[in-house]
Structures are given as C-alpha cells and as structure tokens.
Amino acid sequence: MHKRQNVAHCCGWRAETEGELGTTNDVQTPAEMEMELGERLKTLRIHKNLEQVALAERAGISVRTLRNLENGSGSSLRTLIEVVRALGRTSWFDTIAPVPTINPLMLTRTAAPRLRASKPRGKS
C-alpha cells in the first residue's frame with residue numbers, strides 16, 4: 001500500500017458501510033476518501049478558529065505536512081493521529097474498527113472467553 005493511501009484506507013469516515021461479508025456498499029477510491037477526510041479536518045480546524053500554523057504547532061508537524069493532509073495529497077497515519085489528537089477528536093478512532101463487547105457464540109456455551117485466534121484446521 002502506498003504511503004498516500006494509508007490515511008484514506010484506514011479512515012473512510014464517509015457513510016461507508018460494510019456488509020456481513022466485508023463488501024463495501026459505498027465505493028470510493030482511496031484518493032477520494034483522502035480528499036474527503038482532508039476536507040473534514042480542514043472544516044473542523046476552521047470551526048475551531050485555528051490557523052494552519054497553530055494546528056501544525058499543536059500537532060508537532062510542519063505547516064506543509066498539515067496542508068498536504070487537508071488537501072488529500074498524501075500523508076502518514078502518524079500525521080493523521082497527531083492532527084486528530086490536536087483537534088481533540090481521538091474518539092473518532094473508536095468508530096474505525098469497534099471491538100464487539102458481546103460475542104454471540106459465547107452466549108450458546110459456557111466456554112471461557114478466547115484469548116487468541118486458533119490455526120485453521122486442515123481438511124480431512
């Protein structure tokens with residue numbers, strides 16, 4: 001995966017939903033996702049009345065790096081995390097891949113909760 005696709009790939013915060021088998025119902029290219037995410041971050045920055053210089057300083061990144069993120073022209077996952085943290089929106093990350101608190105299979109048996117995945121069994 002290219003570095004430019006990292007942010008868009010992991011954080012498609014659009015109305016993108018996945019079916020049970022992991023098929024995407026709302027198809028966007030990684031570049032489109034990256035641009036939309038950058039626009040959302042820019043809008044939030046403006047609503048918080050922050051200039052790019054101030055947000056970049058808070059996030060510990062350069063203004064050029066922030067500009068690249070906001071324009072959707074490539075950024076790293078670390079940059080995204082630093083900017084989201086500086087904007088006070090780390091709760092966004094909880095919605096990316098939520099971990100279920102109740103496993104329906106555990107309701108049908110009295111087994112102890114699983115601590116790790118098992119190897120696939122070979123076919124006989």
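Me: Does Asn 49 count as buried or exposed?

Reply: Start with the cut-offs. Buried means under 20% relative accessible area, exposed means over 50%, and partly exposed is in between, with a 1.4 Å probe and protein chains only. Asn 49 has 70% relative accessibility, so Asn 49 counts as exposed. Its place is the loop between helix H2 (30–47) and H3. Its phi is positive, about 60°, although Asn 49 is not a glycine.

Me: What kind of model is this, and how are its residues numbered?

Reply: This is a predicted model, with residues numbered from 1 along each chain as its sequence is written. Local features need pLDDT of at least 70, side-chain atom pairs count only at pLDDT 80 or more, and totals for chains, interfaces and linings use all residues; side-chain values use heavy atoms, with hydrogens and water left out.

Me: Where in the protein chain is confidence lowest, and where is it highest?

Reply: Read pLDDT, the predictor's confidence in each residue, from 0 to 100. The protein chain averages 78, and 70% of the residues score at least 70. Confidence is lowest in helix H1 (residues 3–10), with a mean of 41. It is highest in helix H3 (residues 52–59), at 96. Over residues 1–25, pLDDT stays under 50. For that stretch the model has 47 contacts beyond four places in sequence. A contact means heavy atoms within 4.5 Å.

Me: How many helices and strands does the protein chain have?

Reply: Both are DSSP runs, numbered from the N terminus: helices are H or I, at least four residues, and strands are E, at least two. Here there are 6 helices and 0 strands. From the N terminus on, the order is α-α-α-α-α-α.

Me: What share of the protein chain counts as buried?

Reply: Of its 124 residues, 27% count as buried. Now look at sequence separation. Take contacts between residues at least 6 apart in sequence: 57% of them join residues at least 24 apart.

Me: Which residues of H4 are buried?

Reply: Think of the helix turn before the case. An α-helix has 3.6 residues a turn, so residues three or four places apart point the same way. In helix H4 (residues 63–71), Leu 66, Leu 69 and Glu 70 are the buried ones. They cover an arc of only 95° around the axis, which puts them on the same side of H4. The arc is taken from the directions from the helix axis to the C-beta atoms. After H4 comes Gly 72, with a positive phi near 70°.

Me: Which residues are buried in H5?

Reply: Thr 79, Leu 80, Val 83, Val 84 and Ala 86. Seen down the axis of H5, these buried residues fall within an arc of 160°, so they line one face of the helix. Arg 78 and Arg 85 are exposed on the other side of H5. Just after H5, Gly 88 has a positive phi of about 75°.

Me: At what angle do the axes of H4 and H5 cross?

Reply: Axes are lines fitted to C-alpha atoms, for helices over the stretch in contact, and angles run from 0 to 180 degrees between N-to-C directions. Under 35 degrees counts as roughly parallel, over 145 as roughly antiparallel, 65 to 115 as roughly perpendicular and the rest as oblique. The axes of H4 and helix H5 (residues 77–86) cross at roughly 95° and come within 11 Å. H4 and H5 are therefore roughly perpendicular to each other. Thr 65, Leu 66 and Leu 69 in H4 meet Thr 79, Leu 80 and Val 83 in H5.

Me: How do H3 and H4 pack?

Reply: Their angle is about 105°, with the axes 9 Å apart. That makes H3 roughly perpendicular to H4. H3 brings Gln 52, Val 53, Leu 55 and Ala 56 to the contact, and H4 brings Val 63, Leu 66, Arg 67 and Glu 70.

Me: At what angle do H2 and H4 pack?

Reply: At about 120°, with axes 6 Å apart. H2 and H4 are therefore oblique to each other. Residues of H2 in this contact include Met 35, Leu 41 and Lys 42. On the H4 side, Leu 66, Leu 69, Glu 70 and Asn 71 take part.

Me: How far apart are Lys 42 and Gln 52 in space?

Reply: They are 8.8 Å apart, C-alpha to C-alpha, and 10 residues apart in sequence. Lys 42 counts as partly exposed, at 36% relative accessibility.

Me: And how far apart are Glu 57 and Val 83?

Reply: In sequence, 26 residues; in space, 9.8 Å, C-alpha to C-alpha. Glu 57 lies in helix H3. At 66% relative accessibility, Glu 57 counts as exposed.
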